[in-house]
Amino acid sequence: MTPDSAAAPVLSFADASLGFGSRILWRGLDLNIRPGEFLAVLGPNGSGKTSLLKTILGQQKLDSGSVTLAGAAVRHGDRRIGYIPQQKLIPAGVPLRGRDLVALGVNGHRFGVPLASRAVRRRVDELLADVGATAYGDQPVGELSGGEQQRLRVGQALAGDPVLLLCDEPLLSLDLQHQRGVSELIDRRRREHNTAVVFVTHDVNPVLGMVDRILYLAAGQFREGTPAEVLRSDVLSELYGTPVEVLRSGERVFVAGVPDGHAEGHHHADPHRGEGAS
Ligand SMILES: Nc1ncnc2c1ncn2[C@@H]1O[C@H](COP(=O)(O)OP(=O)(O)OP(=O)(O)O)[C@@H](O)[C@H]1O
């Protein structure tokens, strides 16, 4: 399913600004995300990608402007938003099974609801199957691989049947095979349910084929458009205020030349990790 450009937006920023102290992260942000649309949010460390997600989650107030979900002001704890937070591996020894992690999403914040209720169990089984995690649903999460844990987190985020899925670096520290598996899972959700996706990543390459639009944050400014419009040497040089080069190798894109001492953070394209457009 391709995003329907005539459909009412799921998510809208209007003249939105955010900063901390004297530091501006972005201002004058106007953005409409339609059902089924895949937006990748790129930018160096500290450019405000996570803060952007927090404004959508109602956890961070804008300095000015508005952010609305289906036309109404966003509110904290809205079940129509699924969230995969930036997270490290769950260590061994954490007394949770895979299915318990998913059940937390089903129960939302209603602590005390018996996890063992039949309806919850059925829903958890469904979600485990959806994300291909049935085989290890009963294992302790700390014993699972990063990719397996991430599948469970996707299952947890999908529990509320979201119209909008926010993903904060969901491929971090996954190997290529698991990067593909997890990104395909997220892509399938948006195709089958028309769920809009906002996907924060330092490397756009694993999802380049899925991305409809890019929001690139840097130097207190942003650029927004299709990958072909944004991932260009002239556009990003203007954004960073210094010459940077967008290089292409086959299907992959790399941004080179972002100075380490850049005022808004440093370059992500760590040559040791072979990653791309950041
Ligand atoms: N509540 C806060 N109070 C003050 N400063 C904050 C607050 N939240 C975030 N910041 C600052 O705002 C900037 C943007 O942070 P944010 O986490 O949104 O960046 P990011 O683009 O997600 O970075 P990364 O790629 O490193 O995860 C950082 O410099 C951070 O220190």
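Which way, right-handed or left-handed, does α4 pass α5 in the crossing of the two helices? α4 passes α5 in a right-handed crossing. Let's look at that pair and its surroundings, keeping in mind that this is a predicted model.

## The protein at a glance

The protein holds seven helices and 12 strands. Of its 278 residues, 40% count as buried. If you take the contacts between residues at least 6 apart in sequence, 65% of them join residues at least 24 apart.

## Two helix pairs

Helix α4 covers residues 146–158 and helix α5 covers residues 176–193; they pack at an angle of about 15°, and their axes are 9 Å apart. α4 and α5 are therefore roughly parallel to each other, since an angle under 35 degrees counts as such. From α4, the residues that take part are Gly146, Gly147, Gln150, Arg151, Val154 and Leu158, and they meet His178, Gly181, Val182, Leu185, Ile186 and Arg189 of α5. Sorted by class, this contact has five nonpolar, five polar and two charged residues.

The other pair is helix α2 (residues 98–107) with helix α3 (residues 118–130), which pack at an angle of about 115° with axes 9 Å apart. The crossing of α2 and α3 is right-handed. Here Arg99, Val102, Ala103, Val106 and Asn107 of α2 meet Val120, Arg123, Val124, Leu127 and Leu128 of α3. By class, that contact has seven nonpolar, one polar and two charged residues.

## Around the ligand

Turning to the ligand, you will find Phe20, Leu25, Gly43, Asn45, Gly46, Ser47, Gly48, Lys49, Thr50 and Ser51 surrounding it. Which helix gives the most to the shell around the ligand? That is helix α1 (residues 49–56), with three residues. By class, the shell has two nonpolar, seven polar and one charged residues.

Isoleucine 81 sits in strand β6, which runs over residues 81–84. Is isoleucine 81 buried or exposed? Isoleucine 81 is buried, because 24 other C-beta atoms lie within 10 Å and 20 or more are enough to count as buried. Setting aside residues up to four places away in sequence, isoleucine 81 touches Ile56, Leu57, Leu69, Pro162, Leu164 and Leu166. Leucine 215 is 134 residues from isoleucine 81 in sequence, and the two are 19 Å apart in space, C-alpha to C-alpha.

Glutamine 59 belongs to the loop between α1 and β4 (64–69). With 13 other C-beta atoms within 10 Å, glutamine 59 is partly exposed. Its contacts, leaving aside neighbours within four places in sequence, are Lys54 and His76. Proline 35 is 24 residues from glutamine 59 in sequence and 23 Å from it in space, C-alpha to C-alpha.

## Two positive phi values

Most residues other than glycine have a negative phi. Aspartate 161 has a positive phi, near 55°, and is found in the loop between α4 and β7 (164–168). Aspartate 161 is exposed, because 10 other C-beta atoms lie within 10 Å and 12 or fewer count as exposed.

Alanine 219 also has a positive phi, near 55°. Where is alanine 219? Alanine 219 lies in the loop between β9 (213–218) and β10 (221–225). Although in a loop, alanine 219 is buried, with 20 other C-beta atoms within 10 Å.

How values were computed. Residues numbered from 1 in each chain as written. Predicted model: local features only at pLDDT ≥ 70, side-chain atom pairs only at ≥ 80, totals over all residues. Axes fitted to C-alpha atoms, helices over the stretch in contact; angles between N-to-C directions. Helix = DSSP H or I, 4+ residues; strand = E, 2+ residues; numbered from the N terminus. Parallel < 35°, antiparallel > 145°, perpendicular 65-115°, else oblique. Left-handed = near helix turned anticlockwise from the far one by under 90°. Contact = placed C-beta atoms within 7 Å. Nonpolar A, V, L, I, M, F, W, Y, C, P; charged D, E, K, R; others polar. Near = placed C-beta within 6 Å.
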